[in-house]
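The sequence and model come first.

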Number of protein chains: 2
Amino acid sequence: MLVVKKFGGTSVANKERIYNVAKRCIEEYKKGNQVVVVLSAMGDTTDELLEKAFEINPRASKRELDMLLTTGEQVSVALMAMAINGMGVPAVSLNAFQVMMYSTSAYGNSRFKRVDTDRIRHELESGKIVIVTGFQAVNKYDDYTTLGRGGSDTTAVALASVLHADKCEIYTDVDGVYTADPRVVKNARKLNEVTYDEMLELASHGAKVLHNRSVEMAKKYGVPLVVRSSLNDHEGTIVKEVAKMEKMLITGVAGEKDVVRVSVIGIDDKPGIAFKIFNTLAKNKINVDIILQSIGRDGTKDISFTVAQGDLTGTLEVLGANKEALTIQEVKYKTDVAKISIVGAGMMSNPGVAARMFEALYNSGININMISTSEIRITVLIAENEMDRALNAVHEEFRLGME
Amino acid sequence: MLVVKKFGGTSVANKERIYNVAKRCIEEYKKGNQVVVVLSAMGDTTDELLEKAFEINPRASKRELDMLLTTGEQVSVALMAMAINGMGVPAVSLNAFQVMMYSTSAYGNSRFKRVDTDRIRHELESGKIVIVTGFQAVNKYDDYTTLGRGGSDTTAVALASVLHADKCEIYTDVDGVYTADPRVVKNARKLNEVTYDEMLELASHGAKVLHNRSVEMAKKYGVPLVVRSSLNDHEGTIVKEVAKMEKMLITGVAGEKDVVRVSVIGIDDKPGIAFKIFNTLAKNKINVDIILQSIGRDGTKDISFTVAQGDLTGTLEVLGANKEALTIQEVKYKTDVAKISIVGAGMMSNPGVAARMFEALYNSGININMISTSEIRITVLIAENEMDRALNAVHEEFRLGME
């Protein structure tokens, strides 16, 4: 069996944790399996490197930032190889140049184009545990690129895909995917199985356990994912195409505070204006989430939408620069908002799920600002300080804590 | 004009020093020159990485150590590119994979085999300052190797050679090559010019300013070297094939404490035994320096020789393991010894130089243990605690402090 295991930065933050990961990999190896390990940079390394960079040049180019940041994973993999070797098992560390992991040319946020398997296969066949740098790739100019947030998860899924791995295990500091964030909802329950689509919706709407790009790729190439804890031997959560039918309408709830509501006031009530606004934002790579349109006075209307907090400045700049063309009278924004979402493949065939969610919130005195839905998700925008209460109310309503 | 500039770890140890180097490179660039910069890892980075490695695995493999250490230079070059970019000048950082600097396969102590120029030329022609990682290369397995002590100097000379650079400047924390270590000999004088051979002898016998391998390569490929300070604009010392005849017999004196005298006692006084001893040591990659043979009693003889302190353990192991075959009765060693050497192309045509050196030492009451000479060098072994006094006495005798 070929197993890809991915460990994040906290799992390799110090000597003891490196030893812990080394032992887990050796256990797998001793079962007679081939083991590929993907690692992130140790602990806060990436943040420390960024700090150094911005001290030198606050507008450092993404090309040079990637050149700097990719050293972090290289340190991790070299130390891990030493740890595993020290425990008597052959191991070798490889970076993106050595594996030949090729990406698009976009620095800071590239995507894999092609990942070679020759070197890894060769090392696996010579009996070694192979340790690969996550988060990094090489573009057509022979420059390092990084894969953006959650990049090491994506590396693990990409390697699992090209190597036709039997399993891709994403190790994290929680036991798996939960019905809600266990720090917020006391009786949140770990899920045994979840579909790619449910995981995608959860990941895209606040569940931090996996990055949505890695789930997208796993779905596309049918890579069987397991999310599990690096601290214990619990089974974890399997992410796959069809999950076992549990008796649940809803798989989980997720909350997201990293959101701002932007309101564009008093635009002409003419066809095409709304399109122009969102087209302009899209051209500037600003992702808009929930949208609400309402009729204003005097032949004008208002449009509200949400963006990630990091995109607020860009959004205001873009709207400001195109104020006349977009017939905008005024732009307002509100940062103390949050989204909560319920996700579940079961809701497709069960009407009335939305109504139950809204009623549960109403009974808790929580006001709903905006609503957005997909086939397997319902998201509402509420006040930020009511998020934890809302998550508990909805979790309770759908009895997600029960087996 | 194409100029290669190499800066060591102390020259890039913090933000201010990085800025200082960036400014010097930009000055050169603004003169209309093409500039290639070779950097070492910042400050104590390499030692810190080694410490981390040995904490994880005291017997870490050289392959993984090289994988770890090469991150140090990559951090330096990325930060330098950011600094130069921040000052408004285009710059790009490159590592050994990007330049394609190929070496022999020996980890930890490789030698260059082939250095490509395409990428560097391309970046220079597009108007950029090119910043290259020193000390590292890639071997035929596509693994990182490091070049051993003084490796970044060698990188600079190799690049200057393949790029046919007009000048290769080695920046250091002193003003150039001195007639003696200025910290020991008060009136030591900076030399304006020195030949490759003199520099080689000085470097091989204790002058720390350049590593002998880089001088060897500069001599072989006729690369014009300049040793100068990164802290001021003084001219530095030019190292080249034929130096201007100064009125000096002797170019400089060097002292070296990193030496042990090993004595092999009571071996058979038969032909071939001495050869066997040194052949056995050579096979184990132990470099022997000064050798002295003396007749013992009862048809036996004694042989003394010096090795670097780091080779003492290996030497004792090798001799111990082959005690019978080499007919050794006893092995002794003495660590509190030092070598001092005088070097100068002028001594070839001037007999009596050795006698003057010995007399100067005798007049200072310093006892000579062993002697070794080359065409342009005389080395003596003395007690370690007399080294500084010996250097001053010899420096004075040959009036090296006078212009």
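Strand β14 of chain A covers residues 260-268. Five bridges join β14(A) to β17(A), and the two run antiparallel. In this predicted model, A:I265 stands opposite A:E330 in β17(A).

## The sheet around the pair

β14 and β17 of chain A belong to an open sheet of four strands. The order is β15-β16-β14-β17 (chain A), and the pairing is antiparallel. β15 (291-295) and β17 (330-334) of chain A stand at the edges. Each has a single partner strand, so one side of each is left without a neighbour in the sheet. On average, neighbouring strands of this sheet are turned by 20° against each other, direction ignored.

## The helix across the strands

Which strands does helix α9 of chain A lie across? Helix α9(A), residues 273-283, lies across β14, β15 and β16 (300-307) of chain A. Helix α9(A) runs at about 140° to β14(A).

## Contact between chains A and B

In the contact between the chains, 26 residues of chain A meet 26 residues of chain B. On the side of chain A that touches chain B, the elements giving two or more residues are α1 (15-30), α2 (45-56), α3 (62-86) and α4 (96-99) of chain A. The largest share, 13 residues, comes from α3(A).

How does that side of chain A divide by class? It has 13 nonpolar, eight polar and five charged residues.

Conventions:
Residues are numbered from 1 along each chain as its sequence is written. Chains are lettered from A and ligands numbered from 1 in the order in which they are written. This is a predicted model: local features need pLDDT of at least 70, side-chain atom pairs count only at pLDDT 80 or more; totals for chains, interfaces and linings use all residues. Two strands pair if DSSP finds at least two bridges between them. Axes are lines fitted to C-alpha atoms, for helices over the stretch in contact, and angles run from 0 to 180 degrees between N-to-C directions. Two residues are in contact if their C-beta atoms, placed from the backbone, lie within 7 Å. Ala, Val, Leu, Ile, Met, Phe, Trp, Tyr, Cys and Pro count as nonpolar, Asp, Glu, Lys and Arg as charged, and the others, Gly among them, as polar.
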